[in-house]
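Have the model open while you read.

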Amino acid sequence: MTVMEEMGAKAKIASRCLLTAGETKNDALKAIAKALRDNADKIMAANKIDLDNGVQNGLSAALLDRLKLDRTRIDGIADGVLEVAALPDPVGTVISGSTRPNGLQITKVRVPLGVIGIIFEARPNVTADAAVLCLKSGNAVILRGGKEAINSNKCITSIMQDAIAGVGLDRHAVQLVEDTSRQSSIELMELTEYLDVLIPRGGKGLIQAVVKNAKVPVIETGAGNCHVYVDESADIDMAANIIYNAKTSRPSVCNAIETILVHEAAAEKALPVIKARLDEKQVELRGCEKTRAILGDSIVPATESDWETEYGDYILAVKVVASLEEATEHIARYSTGHSECIVTQNYQNAKRFTATVDSAAVYVNASTRFTDGGMFGLGAEIGISTQKLHARGPMGLNELTSMKFIIEGDGQIR
């Protein structure tokens with residue numbers, strides 16, 4: 001039996017124990033939150049090793065920002081754990097029920113998925129977020145993070161395992177793959193005997209690699225080529241504020257925008273105002289010919305690849321469009337199905353946009369940065385699903401469950 005198979009077998013045993021854990025799951029989450037705060041210095045020391053290695057290895061500022069853990073972020077992670085603990089337990093929730101003419105009572109209830117595998121990149125907060133959501137929903141989890149955060153991940157996982165064991169649950173309900181080689185990813189993707197589902201969290205390359213190569217069922221998440229469309233009736237100051245927030249508040253995350261589309265009737269007034277706001281953070285604009293005609297030669301000429309790129313950085317593609325239809329067609333072609341926004345004062349245009357744009361989250365006059373489990377009231381999320389089967393959008397507790405039918409009879413036979 002390989003190391004990965006041993007982890008899978010232990011996770012399978014732990015998942016069965018979680019089926020009847022009840023309120024003890026909340027005890028574990030509260031213990032994890034306290035342990036993260038109590039061990040903040042230890043976590044930051046491990047994280048500093050990862051950050052130093054990242055600098056030496058030439059990680060971008062955006063990736064280093066994703067990787068960094070300070071006391072404020074650790075407190076935020078712990079707060080998120082407690083928020084999940086306060087949420088209703090989905091396990092056992094009755095979805096529907098009926099009594100058949102023959103007297104059989106049929107009830108559909110929520111049940112855990114079982115064992116969840118999660119492959120993610122340089123975001124050590126995912127280690128805690130994913131673990132607590134899986135625990136609360138009654139699932140065991142095997143985590144496989146990137147090499148950039150391995151020291152942080154090992155530290156956080158060890159702290160969580162001790163907290164879980166401290167309340168009487170199986171510490172193997174949460175496990176970390178410490179081998180960050182490509183081989184460990186392949187083995188996890190092929191762990192069909194033990195894994196019920198695999199969830200990738202990270203950039204487009206990671207997600208597509210998992211989708212194409214996994215033998216385990218996959219929930220596709222994360223890639224975010226998101227758009228804001230500025231309609232001809234838009235409030236220009238509102239548009240500038242939304243774009244500024246959606247691009248610059250944290251450009252490395254998947255709900256940050258990568259392209260803005262501006263109606264030609266509003267472009268001459270709107271683009272200079274939008275650029276002035278973005279200049280505050282030195283955002284590089286890559287524009288179409290009409291954009292450059294309005295804003296000047298300082299704008300980098302946009303190429304085809306700019307429309308399909310998730311920059312994760314202070315770079316934004318800009319295109320002037322002739323109509324709402326052209327905007328929605330552009331989004332249909334290049335979007336990853338994550339989050340899109342229209343800024344408009346026209347009710348009919350807003351309704352047309354929300355009806356025709358086929359993404360997990362579609363906004364009217366609000367920043368795409370709200371696509372988040374916490375912002376949607378779901379607690380910390382496992383990821384943003386951009387597919388349509390099983391789950392779509394921020395994946396909270398309910399999305400980490402399946403269902404089963406319980407049938408009660410009185411001797412009926414068929």
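## Helices over a sheet

Let's start with α6, which lies across β3, β4 (140–144), β5 and β6 and runs at about 165 degrees to β3. Keep in mind that this is a predicted model. Helix α8 (residues 182–189) also sits on strands: it lies across β3, β4 and β6, at about 150 degrees to β4.

| Helix | Lies across | Angle |
|---|---|---|
| α6 | β3, β4, β5 and β6 | about 165 degrees to β3 |
| α8 | β3, β4 and β6 | about 150 degrees to β4 |

Now for the sheet itself. In what order do its four strands come? The order is β5-β4-β3-β6, in an open sheet with parallel pairing. At the edges you'll find β5 (174–176) and β6 (197–201), each pairing on one side only. Ignoring direction, neighbouring strands are turned by 20 degrees against each other on average.

Zoom in on β3 (residues 115–120) and its pairing with β6: the two run in the parallel sense over five bridges. There, I116 stands opposite V197 in β6.

Back to α6 (residues 125–136), this time with α7 (residues 150–166): their axes come within 10 Å and cross at roughly 30 degrees. That's under 35 degrees, so α6 and α7 count as roughly parallel to each other. The crossing is right-handed. On the α6 side, the contact is made by T127, A128, A131 and L135, while α7 brings N153, I156, T157, M160 and I164. Sorted by class, this contact of α6 with α7 has six nonpolar, three polar and no charged residues.

Conventions. Residues are numbered from 1 along each chain as its sequence is written. This is a predicted model: local features need pLDDT of at least 70, side-chain atom pairs count only at pLDDT 80 or more; totals for chains, interfaces and linings use all residues. Side-chain values use heavy atoms; hydrogens and water are left out. Axes are lines fitted to C-alpha atoms, for helices over the stretch in contact, and angles run from 0 to 180 degrees between N-to-C directions. Angles under 35 degrees count as roughly parallel, over 145 as roughly antiparallel, 65 to 115 as roughly perpendicular and the rest as oblique. A crossing is left-handed if the near helix is turned anticlockwise from the far one by less than a right angle, and right-handed if clockwise. Contact means heavy atoms within 4.5 Å. Ala, Val, Leu, Ile, Met, Phe, Trp, Tyr, Cys and Pro count as nonpolar, Asp, Glu, Lys and Arg as charged, and the others, Gly among them, as polar. Two strands pair if DSSP finds at least two bridges between them.
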